[in-house]
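Colleague: I'm new to this one, and I'd like to know where the labels come from. Can you take me through them?

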Amino acid sequence: MFPAGSQSSLNPVVTAGRLTLRFVLLAALLLVSILLAVRLGAVSLSLREIVDGVTGRGEPTTVAIVRQLRLPRALQAALVGAALSLSGATFQALVRNPLAEPYILGVSSGAAVGAVAAIVLGLGLGGMWGVPLAAFAGALLAITLVFRIAYGVGAALDTHVLLLAGVVVGAFFNAAILLLLTLSDVESFRSAMFWMMGSNAGASWRSVLLLAAYVVPASLALVALARALDLLALGEQTAAHLGTQVERTKLIAYGLASVLAAVSVAASGVIGFVGLIVPHVVRMIWGSDHRTSLPSTALLGATFLVLTDLLARLVTRPTELPIGVVTAFLGVPFFIWLLRKRGHARG
């Protein structure tokens, strides 16, 4: 169970003021992170150059760096970070386990099969959209299989059956990935491995707009389900007694969270630990009321991945690290600390 938030005991006016201040600060932090991502890189830019680049009045090289490379990349990182964080927070609420993460239903394995197949087998997809489309199709296939297995066991959407189905489907797809990599040549193997470690290097305005078309509506829909998620955290029977349509809510929430994870993997590859770390940080600071924690999680997750992507570009510039490597280095110590904290709490 998650710790209860402390906002309900405050004066409503005070609470509203604090929430407004929180969201303003988080939004400002996100804007600052995007500004840093545009400013820093192999070639550092001044604020004046950034303004000129955005408006198109600067040097052609500066305009290209700002408009075509860094700004769409920062926005894609923000959207992916928000999507993964919201997906993780939703899964943690649904399964009532703080160690759940966005790829819990085998989404990442399904997406990886699609992407690796497109890279290794050359399925004629071609162009910059080939791998993302194949990854998205693989993720949707994984989601469909998991839900079919879960509903095949019983009419109700049992959480434990769903998780087991995710594990089984993920294991099957992982085996398929190994088979595809075994059949690949050196160049295809390298490309597939680099994709699976995550990167926003291929970001463009088209990918940003397509990503936003999925992420924004799905995120708003999850925020609209916040009260139902709060009730589900108390237990399914309690939620049903309080008027929540439990099965319908679970199906919609699982579906939305899975789609958020799927589009994120399709856009940027497999990026771990974002959906595990960020929801925990938000709950530790502000409590577990989903009506306020979900928007906070989205903003903080967007900021986190923008800064992480910037770090991946700066550490070994002019080359860059896969972003999944950076999030793993940050996430593993946090995960160990979280396990130790839970162990001390039980002791």
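Colleague: Let's start with Phe334: why does it count as buried?

Modeller: Keep in mind that this is a predicted model. Buried means under 20% relative accessible area. Phe334 has 15% relative accessibility, so it counts as buried.

Colleague: Which aromatic pair is edge-to-face, and how do you know?

Modeller: Take Phe147 and Tyr254. Ring centres have to lie within 6.5 Å to pair, and planes over 60 degrees apart count as edge-to-face. These two have their centres 6.5 Å apart and their planes at 70°, so the pair is edge-to-face. Phe147 sits in helix α5 (residues 130–153) and Tyr254 in helix α11, so the pair ties together parts that are 107 residues apart in sequence. Both Phe147 and Tyr254 are buried.

Colleague: Then what makes the pair of Phe334 and Trp337 tilted?

Modeller: Planes under 30 degrees apart would be stacked, over 60 edge-to-face, and the rest are tilted. Phe334 and Trp337 have 45° between their planes, with 5.6 Å from centre to centre, and that pair is tilted. A search of the whole structure finds 5 aromatic pairs. Ring pairs also link Phe91, Phe147 and Tyr254 into a cluster.

Colleague: How do you know that the buried residues of α2 are on the same side?

Modeller: In α2 (residues 47–55), Ile50, Asp52 and Gly53 are buried. They cover an arc of only 165° around the axis, which puts them on the same side of α2. The face turned away from that buried side carries the exposed residues Leu47 and Arg48.

Colleague: What makes the phi of Arg96 and the phi of Phe273 worth a look?

Modeller: Most residues other than glycine have a negative phi. Arg96 has a phi near 55°, a positive value, and Phe273 has a positive one too, near 75°. Arg96 lies in the loop between α3 (60–95) and α4 (107–121), while Phe273 is in the loop between α11 (246–268) and α12 (274–286). At 33% relative accessibility, Arg96 counts as partly exposed; Phe273, at 27%, also counts as partly exposed.

Colleague: Last one: which peptide bond is cis?

Modeller: The bond from Arg317 to Pro318, with omega near 15°. Pro318 is found in the loop between α13 (290–314) and α14 (323–346).

Conventions: Residues are numbered from 1 along each chain as its sequence is written. This is a predicted model: local features need pLDDT of at least 70, side-chain atom pairs count only at pLDDT 80 or more; totals for chains, interfaces and linings use all residues. Side-chain values use heavy atoms; hydrogens and water are left out. Helices (H or I, at least four residues) and strands (E, at least two) are DSSP runs, numbered from the N terminus. Buried means under 20% relative accessible area, exposed over 50%, partly exposed in between (1.4 Å probe, protein chains only). The arc is that of the directions from the helix axis to the C-beta atoms. Rings of Phe, Tyr and Trp (its six-membered ring) pair if their centres lie within 6.5 Å; planes under 30 degrees apart count as stacked, over 60 as edge-to-face and the rest as tilted.
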